[in-house]
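This report goes through one protein model part by part. Keep the sequence and the 3D view open while reading.

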Amino acid sequence: MTTASITMADSDLAIPLEKGLPLIGCLPEMAKNPIDFFKRLVQKYPDCVEFSVPLTRLALITSAELSHQILVKENSRFRKADRDMKIMGSLLGTGLVTNNQHDSHKVQRKLVQPGFHFRRIEGYAQTMADYSQRYLEDWGDSGTRDISDDMFRLTMYIVSKTLFDTDMEDLSNDSNQIGLAIHEFQRIADSRFNQVFQSPDWLPTPRNLKIKKIRAVLNETMRTMISKRTDEQGNISERGDLLSMLLNAEYEDGSKMSEKQLLDELVTLFIAGHETTSNALTWTFYLIAKHPEIQEKLHAELDQVLDDSSPSFGDLDALTYTEMVIKESMRILPPVWTLNCRQANEEMVLGNYHIPKDKVFFIAPAANHFNPKYFKDPERFDPERFSAENEKKLPRYAYIPFGGGPRVCIGNSFAMMEAKLILATFAQQYKISLDPAQTIDPQPQITLSNKGGMSVSYIKRKRAS
Ligand code: HEM
């Protein structure tokens with residue numbers, strides 16, 4: 001325990017408790033809809049709350065200050081929660097997201113980081129813009145389609161091309177099979193997150209066998225990508241992409257990554273690199289369809305900045321309203337609605353609170369983004385919150401769609417650039433409205449998607465040259 005904690009009276013240090021029902025505590029409310037549960041708690045507890053679930057009490061951070069403390073200032077005193085890592089690690093192994101060893105994570109992150117250097121992602125912009133343009137080629141003048149499926153495919157094609165220099169059509173496993181595998185994993189992980197007891201991974205339960213099969217599909221995809229650039233002697237052709245970088249990467253002692261570690265990193269980047277952006281864009285299309293006045297303002301910016309030419313890297317800085325719309329969309333419907341829980345490595349004091357060893361905390365965009373201290377009338381979709389002037393007033397870590405600290409999303413600049421280029425390309429050419437038959441039922445699994453896709457109608461505005 002730190003000296004600070006010893007000098008404080010224990011009565012000053014208890015986190016307020018939301019008890020819930022006898023024995024089962026808040027589990028029913030949490031299992032029914034964790035986002036609604038967090039939104040209710042954040043109205044009542046402005047910095048932190050504990051809540052009971054069977055056998056334990058969990059805590060939810062609701063303030064920017066405490067989020068900053070855990071993610072940044074005190075990050076070495078926390079790890080990602082054991083339970084989250086067990087569930088997600090069954091698919092992702094020890095890739096960057098699920099690597100819970102401080103030193104090993106640091107080494108791996110250093111190897112992957114150059115792939116996301118500003119100069120490098122600048123080079124990805126052309127692919128993002130070209131693929132978006134190509135995607136629209138068969139849309140015609142008007143129609144109705146599931147834009148969540150479109151975004152899933154488009155972002156998968158983009159991540160495959162930019163990071164792995166692979167055209168999806170060249171892969172033996174087609175994108176439908178990969179899509180199904182990823183959705184199935186989300187479903188399994190979600191049911192495991194809602195269970196009090198977990199079966200060990202080695203037990204051949206139907207669920208464990210299913211996860212093994214999903215991972216086999218993804219490994220096969222990655223192996224195909226690798227084999228396409230390795231000649232018969234095992235030499236690797238250098239294409240200047242992230243895959244070449246990782247295949248050639250060496251640790252300080254000159255050794256290379258094991259095949260297992262390499263596959264874990266690649267599968268992690270592949271999944272983390274498109275599902276999230278795809279959901280961010282799907283929700284953005286939904287929100288602009290629901291708010292025609294905002295869609296009109298977006299069109300006005302696109303017409304003014306782009307004239308009739310298609311968007312490219314050089315336009316990104318000028319597309320300020322486009323960026324505001326995406327940021328506000330990720331505030332109100334955050335694609336990663338909760339970060340992985342964090343667990344205290346030791347007894348400590350956090351803010352004014354006494355924290356026992358192994359205490360588990362949720363740090364969640366779905367909580368911080370609805371704290372009325374930072375976002376007035378938080379349920380209102382209002383991109384003006386992210387005008388340069390207003391954004392400056394936000395405390396750091398009030399807005400955390402990409403997390404923060406040493407575990408901040410490695411692809412955040414990549415994702416923002418991609419989301420801007422895709423939204424700009426689509427909205428420049430089409431006006432979107434929501435299919436009246438479409439129901440909205442956000443599913444808070446590992447990422448936040450809508451149940452039943454997102455059917456939209458579209459009508460041509462203009463053709464870009
Ligand atoms: C809108 C899109 C995206 C969102 C909202 C998002 C969100 C996040 C968040 C919140 C985390 C931190 C999780 C935690 O601390 O528990 C994270 C980590 C990560 N993200 Fe993203 N992400 C996006 C796009 C991407 C892309 C495009 C890539 C790669 C191409 C990527 C790769 C990763 C990786 C590897 C990590 C783990 C980083 C580490 O722990 O070192 N993400 N992301």
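Two residues are in contact if their C-beta atoms, placed from the backbone, lie within 7 Å. The model discussed here is predicted.

## The nonpolar core

By that definition, and leaving aside neighbours within four places in sequence, Ala-364 is in contact with Phe-38, Leu-60, Trp-337, Thr-338 and Leu-339. Ala-364 also belongs to the largest nonpolar core, which has 120 residues. Together with Phe-38, Leu-60 and Met-128, Ala-364 touches the most other members of that core. The element that gives the most to this core is α18, with eleven residues. In soluble globular proteins, nonpolar side chains tend to be buried together.

## The sheet

Strands of a sheet pair through backbone hydrogen bonds, either parallel or antiparallel. In this model six strands make an open sheet with mixed pairing, and their order is β1-β2-β3-β9-β6-β4. Because β1 (17–18) and β4 (78–80) stand at the edges with a single partner strand each, one side of each has no neighbour in the sheet.

β1 runs parallel to β2 (residues 48–53), and two bridges join them. Glu-18 stands opposite Phe-51 in β2. Helix α4 (residues 64–73) lies across β2, β3, β4, β6 and β9, and runs at about 115° to β9.

## Around the ligand

There are 24 residues around the ligand, and those that come nearest are Gly-273, Thr-276, Gly-403, Cys-409 and Gly-411. The shell consists of 15 nonpolar, seven polar and two charged residues. Helices α12 (259–272), α13 (275–290) and α18 (412–429) each supply at least two residues of this shell.

How values were computed:
Residues are numbered from 1 along each chain as its sequence is written. This is a predicted model: local features need pLDDT of at least 70, side-chain atom pairs count only at pLDDT 80 or more; totals for chains, interfaces and linings use all residues. A residue is near a molecule or strand if its C-beta atom, placed from the backbone, lies within 6 Å of it. Helices (H or I, at least four residues) and strands (E, at least two) are DSSP runs, numbered from the N terminus. Ala, Val, Leu, Ile, Met, Phe, Trp, Tyr, Cys and Pro count as nonpolar, Asp, Glu, Lys and Arg as charged, and the others, Gly among them, as polar. Two strands pair if DSSP finds at least two bridges between them. Axes are lines fitted to C-alpha atoms, for helices over the stretch in contact, and angles run from 0 to 180 degrees between N-to-C directions. A nonpolar core is a set of buried Ala, Val, Leu, Ile, Met, Phe, Trp, Tyr and Cys residues joined through C-beta atoms within 7 Å. A residue is buried if 20 or more other C-beta atoms lie within 10 Å of its own, exposed if 12 or fewer, and partly exposed in between; C-beta atoms are placed from the backbone.
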